[in-house]
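Please open the model in your viewer and keep the selection tool at hand. The stops below follow the chain from one element to the next, with a word at each on what to select.

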Amino acid sequence: MQRLLSTYIFVSRKLTRDLITQIGEAGFHGVEIFCSRSHFDYTSKSEIQLIAGALADTKLKLASLHAPTSRDLSASREGGQPLSICEVERVRRIEAMDELKRAIDVAEELPFSRMIFHMGGSRESADPRKRDAAFSSLEHLILHAKHVGVTICVENTTSEMGSPAYLRSFVDETRLSDLRFNFDIGHANLADGAEENRVAESF
C-alpha cells in the first residue's frame, strides 16, 4: 500500500517547495495535487517546473491530479464559477473543456498517470441533458488525455450524478471503455443508508 496525500487539505494555501518537503518528511510516498490556480497554477510553466523539482528532490510520486472544480480567480481560496463537464450550454461546456485540457497538459512537463473528475457539482441532480453533456465532454477529454499518457477517472461523490450506482450505469451505457473509477472512501462514508454499510454498498 502506498501512502498518498491529497493537497486539497492545503487548497487555501499556495503549493510551495517547502510544503512538498513537509509532506515528504511526514512519510508519504506520493501526492495527488488539487488543481486550483491559487493553490497550483497548472497554466504556469515555471510553477509546474518548480513543483516537478520539489517532487524529484523529495522522491515523491505524483500519483494523480484532481481536475479543477471552479474557474477560480481568488488568490486566497478556492472559488469562482463552477467548472463542470456536465454544462448543458454548449459554449460553457467548451470553455470548461478548454480549462480542463490545460490541467491535463501538465503531464507534458510533469508526468502523472490519472486525472480525477467529479460528475458535476456537489448538488448535481440526475438530469438526462447533463448526462449527455458529460458523455460529450468525457469523450473529448479522454482522447486528449490519452495523447499525454493520462487516464481519466470519475470519482464517487455525494451528488445524484456522483453516486456509485449512477457512475456504473453511466459507463455501462455510454461504453466509454477508457474511463475508470476512483473510489473515495470519505465520500462513501457520507452516503445515505446505515453508517456501517455505506462503504461496502458504495464499493
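Begin with helix H1, residues 17–25, and select Leu 19, Ile 20 and Ile 23, which are buried, that is, under 20% relative accessible area, where exposed means over 50% and partly exposed lies in between (1.4 Å probe, protein chains only). These residues lie on the same side of H1 because they cover an arc of only 100° around the axis, the arc being that of the directions from the helix axis to the C-beta atoms. The model is a predicted one, in which local features need pLDDT of at least 70 and side-chain atom pairs count only at pLDDT 80 or more, while totals for chains, interfaces and linings use all residues. Residues are numbered from 1 along each chain as its sequence is written, and side-chain values use heavy atoms, with hydrogens and water left out. Helices (H or I, at least four residues) and strands (E, at least two) are DSSP runs, numbered from the N terminus.

Staying with H1, turn to the face away from its buried side, where the exposed residues Asp 18 and Glu 25 are carried. The buried residues of H1 pack against E1, E2 and H2, contact meaning heavy atoms within 4.5 Å. Just after H1, select Gly 27, which takes a positive phi of about 95°.

Next select strand E1 (residues 4–6), which runs parallel to E2 and is joined to it by 3 bridges; two strands pair if DSSP finds at least two bridges between them. Leu 5 has Val 31 as its bridge partner in E2. Together E1, H1 and E2 make a right-handed β-α-β unit, a crossover being right-handed if, with the strands pointing away from the viewer, the path from the first strand over the helix to the second runs clockwise.

Now select E2 itself, where 5 of the 5 residues are buried, so this strand is largely enclosed by the rest of the structure.

From E2 (residues 30–34), move to E3, with which it pairs in the parallel sense over 5 bridges. Gly 30 stands opposite Lys 61 in E3, and the chain crosses from E2 through helix H2 (residues 45–58) to E3 in a right-handed β-α-β crossover. Glu 32 has Ser 64 as its bridge partner in E3. Strand E3 (residues 61–66) is mostly covered, with 5 of its 6 residues buried. E3 also pairs in the parallel sense with E6, over 3 bridges, and there Ser 64 has Arg 114 as its bridge partner.

Then select helix H4 (residues 128–146), whose buried residues pack against helix H3 (90–104), strand E6 (114–117), strand E7 (151–155) and helix H5 (164–174). The face of H4 turned away from its buried side carries the exposed residues Pro 128, Arg 129, Asp 132 and Leu 143. At the start of H4, a side-chain oxygen of Asp 127 reaches to within 2.7 Å of the backbone nitrogen of Arg 129.

For the last stop, select Glu 195, in the loop between helix H6 (185–189) and helix H7 (198–202). Is this residue buried or exposed? Glu 195 counts as exposed because its relative accessibility is 60%.

Note on methods:
Polar contact = N/O pair within 3.5 Å; in protein donor to acceptor, adjacent residues only side chain to side chain.
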